[in-house]
Amino acid sequence: MKAAILHRPGKFVIEERPIPSITPDQVLVKTTACGVCTGEVEMWEGKNPGIKFPIFIGHEASGIIEKVGANVREYQAGDHVAAWIEGQGYADYFAVHFGSLYRLRPETPMELALGEPIACAVNGVRKADVQFNQSVCLVGCGFMGLIMLQVFRARGAGMIIAVDTREEILQLAQQLGAAYTFNPRTADVAQAVRDLTGGKGVDIGVEAAGRQETLDLTAALVRMEGKLEVFGFHQGGPRQVDWGYWNWMAFQIVNGHSRSAHLYIEGMNIGLELMEAKKLVMKPLVTHRFPLFEINEAFRTAAGKSPGFIKGVIVF
Ligand SMILES: [Zn+2]
């Protein structure tokens, strides 16, 4: 089979590899799609000094079951599945434990069923534990932010405010359920949010961009005793916060990340059920598709974030 191996920053090489063998508890999946993850793009850019090359990555995979192990009763060849895997997704086939799968309806487009990022976003919303009609402000509306927006809606949030620097993203956020959208380059977001909330600030502020500026901005939007959720990926150097202010405001601080496998699998199941129930729309979020042999171009595009780019997927 063909597999794309990251040999060094900026350089995937397509190699010929044997089709993986499976244990009795695993299934063999013929890959149909694998999403390009922001965390992997940082690896590709060489921003992740701990990485040992060459490395076989790709963890946002879906496909069609080719073969099941002797102990697997729940699935059969031909089933369409989304999978939670820890790598080896940029290849024609992957092997996975049957407990890490979600069975998709045959009509669900597999390149939209990206289990891992959907799980992350769903778990971020579960961690915020939004109550009925609470106001939410999302600071950063990339791929993950736009999934969270829809999940917050499904979970009963009241007014949702979306903040981003890209106008086309703000339009999409509005279509997906944001009541108000603001661009910090052209608006005083803190003032606008105070005006919308009787001077108080929102119940829940979600920082979903992974930058110092967005962390500062989110803290300026949350009401006293409100929740401040840090969901963005803050790797590569320490951050500073105005602890005196955070402390005085009695914020409930939530780390939006989860790490345990069972939480990922739960989140994946919830998210994909929401998607198949048409409460989570993924189609406008997957903006770019590339064949495996153009994987370097896919990563270059994701790193460059050209206008209109939200998410790239390798399709097989
Ligand atoms: Zn990912």
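The model is predicted; local features need pLDDT of at least 70, side-chain atom pairs count only at pLDDT 80 or more, and totals for chains, interfaces and linings use all residues. Residues are numbered from 1 along each chain as its sequence is written.

Helix 2 covers residues 115-128. Helices are DSSP runs (H or I, at least four residues), numbered from the N terminus. At 1.5 Å a residue, its 14 residues should span 20 Å, and the end C-alpha atoms are 20 Å apart, which agrees. The expected span is 1.5 Å times one less than the number of residues. Twelve of the 14 residues are buried, so helix 2 is largely enclosed by the rest of the structure. Buried means that 20 or more other C-beta atoms, placed from the backbone, lie within 10 Å of a residue's own. Among the buried residues are G115, P117 and A128. Just after helix 2, D129 takes a positive phi of about 50°.

The axes of helix 2 and helix 8 (residues 261-276) come within 7 Å and cross at roughly 95°. Helix 2 is therefore roughly perpendicular to helix 8 (angles of 65 to 115 degrees). Axes are lines fitted to C-alpha atoms over the stretch in contact, with angles from 0 to 180 degrees between N-to-C directions.

The largest nonpolar core has 98 residues. Such a core joins buried Ala, Val, Leu, Ile, Met, Phe, Trp, Tyr and Cys residues through C-beta atoms within 7 Å. Its largest share, eight residues, comes from helix 3 (residues 143-154). V136, L138, M148 and L149 have the most contacts inside the core.

Definitions and conventions:
Helix = DSSP H or I, 4+ residues; strand = E, 2+ residues; numbered from the N terminus. Parallel < 35°, antiparallel > 145°, perpendicular 65-115°, else oblique.
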